Amino acid sequence: MTVIQTSGRPECRNGGRCHNHRCNCPVGFTGFICQLDVNECRGDYGCSHYCFNSYGSYRCACPRGFALRADGKTCTKDNRTER
């Protein structure tokens, strides 16, 4: 599909902002008009165990017996499960 802009300014999506006839995309999006979701789980975003991509973001998760720390990325042994 070809997109033609008659105003000369691209119609930025997903919160992108037009600057000098180009879209500046917010974190989590890419593409000419910010139309593409970035799969953060393909990069090194720091999840120590599991990473789940979501539209415009991601979240880390832990296996059973581990707890997610306050940093939202690191899993540590959950001592509460050893009772």
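1. A quick word on burial to start: a residue is called buried under 20% relative accessible area, exposed over 50%, and partly exposed in between, using a 1.4 Å probe and protein chains only. By that scale Phe29, at 13% relative accessibility, counts as buried, whereas Tyr55 is exposed with a relative accessible area of 58%.

2. Please keep in mind that this is a predicted model, in which local features need pLDDT of at least 70 and side-chain atom pairs count only at pLDDT 80 or more, while totals for chains, interfaces and linings use all residues. Residues are numbered from 1 along each chain as its sequence is written, and side-chain values use heavy atoms, with hydrogens and water left out.

3. Now to the aromatic rings. Rings of Phe, Tyr and Trp (its six-membered ring) pair if their centres lie within 6.5 Å; planes under 30 degrees apart count as stacked, over 60 as edge-to-face and the rest as tilted. The count by this rule is one aromatic pair. Phe29 and Tyr55 make it up, edge-to-face, with 5.1 Å centre to centre and 70° between the planes. The two partners come from distant parts of the chain, 26 residues apart: Phe29 sits in strand β3 (residues 29-30) and Tyr55 in the loop between β5 (50-54) and β6 (57-61). Strands here are DSSP runs (E, at least two residues), numbered from the N terminus.

4. Strands pair if DSSP finds at least two bridges between them, and β5 and β6 do so in the antiparallel sense over five bridges. Within this pairing, Phe52 stands opposite Arg59 in β6. Two residues lie between the strands, and Gly56 takes a positive phi near 85°.

5. Next, the disulfides, each defined as a pair of cysteine sulfur atoms within 2.5 Å. The structure holds five of them. With the bonded cysteines numbered in sequence order, the pairing is 1-2, 3-4, 5-7, 6-8, 9-10.

6. One of these bonds joins Cys12 and Cys23, with sulfur atoms 2.1 Å apart. Cys12 lies in the segment before β1 (17-19) and Cys23 in strand β2 (residues 22-24), so the bond ties together parts that are 11 residues apart in sequence. The link of Cys12 and Cys23 is left-handed, at -95° about the S-S bond. Cys12 is partly exposed at 21%, while Cys23 is buried at 13%. What about Cys18? Its sulfur is 5.0 Å from the closest cysteine sulfur, in Cys12, and that is too far for a bond.

7. Another disulfide joins Cys47 to Cys60, at 1.9 Å from S to S. This pair also links distant parts of the chain, 13 residues apart: Cys47 is in the loop between β4 (36-37) and β5, and Cys60 is in strand β6. The link of Cys47 and Cys60 is left-handed, with -70° about the S-S bond. Cys60 is buried at 7% relative accessibility, and Cys47 is partly exposed at 22%.

8. Which residues does Lys73 contact, leaving aside its neighbours within four places in sequence? They are Tyr45, Gly46, Cys47, Ser48, Tyr58, Cys60 and Leu68, where contact means heavy atoms within 4.5 Å. Lys73 itself is partly exposed, with a relative accessible area of 32%.

Key: Helix = DSSP H or I, 4+ residues; strand = E, 2+ residues; numbered from the N terminus.
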